[in-house]
Amino acid sequence: SAAGSSDSIDYLIFHCFIPKKLLPDLGSLPSNVKLFDLNIMEGDEEVTCGMAELFARVTDERQKDNSMKLSLDKLIPRLSHQIVHMPYILVEYKPAFGHIFADYLTEYSHWGYSDLDVVFGDMSRWIDDDEWNDYDIVTYGFGDQDKLYLRGQFTFHRNDPKYINQLWRHCKYLSEMDVRYATPEKIKFESAEGCYSQAVIRKKDIKVKWAVKAFTDVDEENGPIYAQGVHLSLGSPPSLTSSRSYRPKSVLYTAVDATPENGQKLLELSPYWFEDKSKYPKYSERNLPMQKLTGERTKVQTYRTLYETTHGKEAREAARDVKCMYWAPKTYQMDICTVEGTVASDDVVILEKGVLYKQKFEERKNKLFPEGIRSFPFFHFQEWKRVYRTTQLLPSHNLRQTNTMAGLIVTKEG
């Protein structure tokens with residue numbers, strides 16, 4: 001699905017200790033998916049994961065002032081062991097990717113992070129010009145932006161090595177990583193969505209956007225995703241006359257609700273509907289945002305600002321003790337949690353000059369999408385992956401190479 005974003009996004013995948021027989025044939029990969037083997041070899045033997053050496057860059061300031069609690073020659077093997085045996089630990093480092101992988105990012109205007117349990121749609125069509133040009137950080141959620149964390153499934157940053165790419169240094173679990181690994185038996189998982197989000201929210205000189213564009217299987221059992229599934233169209237295959245100008249497509253869509261009427265419309269809809277410029281001309285207008293802001297922009301209050309502006313003892317204690325995210329330490333909750341009931345699922349939130357604002361949005365419809373149909377930039381598997389068998393989605397591999405299928409429909413059953 002990443003191929004559909006080839007005109008604006010490259011996907012860099014770094015790996016270690018994956019047997020060659022399990023790696024995809026490089027010839028079958030989209031041009032914008034790039035694999036980097038970071039194994040460090042001694043002769044014919046893979047001895048350590050080079051990713052650990054890169055990740056140790058977060059201690060560079062401590063290396064300079066000779067304050068390391070654990071030397072690099074001990075830190076790197078310990079980190080390599082964790083990467084190999086507890087790979088989920090990698091998500092802790094997402095905020096520092098712009099610094100860690102700086103050598104690979106010199107030619108890019110932006111960098112970001114995502115997850116492997118994501119199917120991408122027409123990302124190039126969904127990312128607005130102002131998101132590229134006017135914001136330092138943009139994150140896509142699915143309507144839960146009353147919690148102001150930077151989403152691990154999709155957040156991108158302006159590639160500014162000296163400032164934006166260093167915002168993570170507020171988080172001591174990263175900048176003082178050597179202290180954690182000096183006593184490895186005490187290491188606890190740290191969600192980057194907590195500390196890093198707090199660091200960003202406290203800044204007064206950056207501009208950040210929390211947009212509502214993601215889609216997920218965390219839905220009511222009678223919702224459209226469960227009733228109709230997720231449709232992924234790959235667009236028309238290249239022809240002899242279009243092969244030079246051909247650009248792969250990936251478009252995700254489903255019904256707007258679970259009614260039989262819209263389900264029937266979905267089944268009858270051509271998988272190439274977005275290519276029909278006579279019916280849906282606005283889809284081809286690449287500079288036309290999919291969403292538009294409406295109404296008045298108003299300030300957002302977090303429990304931190306409530307705590308600082310409230311004088312009642314009970315109210316201050318309630319603000320101090322708030323916890324809206326079970327996966328992030330309480331330390332960060334006051335900054336991340338908005339006051340309950342003040343930010344709705346149809347609000348875009350913006351941080352500008354240290355002040356948080358919200359504004360309603362609505363999706364454009366007329367001549368953009370078919371009636372009864374909605375589209376989205378990516379789909380995040382959160383629940384379905386728990387019931388899938390290991391090989392459940394194998395039939396979708398190398399789908400583009402066959403040129404015989406228009407796409408696929410993904411459901412909870414596969």
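View 1. The model is predicted: local features need pLDDT of at least 70, side-chain atom pairs need 80 or more, and totals for chains, interfaces and linings use all residues. Numbering runs from 1 along each chain as its sequence is written, and side-chain values use heavy atoms, without hydrogens or water.

**View 2. Val212, Phe215, Phe361, Glu363 and Arg374 lie nearest the centre of the second largest pocket.** In total, 24 residues line this pocket. Strands S10 (215-216), S15 (355-363) and S16 (373-376) each give two or more of them. S15 gives the largest share, 3 residues. (Strands are DSSP runs of E, at least two residues; helices are runs of H or I, at least four; both are numbered from the N terminus.)

**View 3. Ser124 sits in helix H5, residues 123-126.** Is Ser124 buried or exposed? Ser124 counts as buried because its relative accessibility is 12%; buried means under 20% relative accessible area, exposed over 50%, partly exposed in between, with a 1.4 Å probe and protein chains only. The side chains of Ser124 and Ser8 are joined by a polar contact of 2.6 Å. Such a contact is a pair of N or O atoms within 3.5 Å; within protein, one must be able to donate a hydrogen and the other to accept it, and residues adjacent in sequence count only if both atoms are side-chain atoms.

How values were computed. On a 1 Å grid over the protein atoms alone, a cavity is a set of points where a 1.4 Å probe fits but cannot get out, and a pocket is an open set with protein on both sides within 12 Å along at least five of seven lines; lining residues have an atom within 4 Å of a point.
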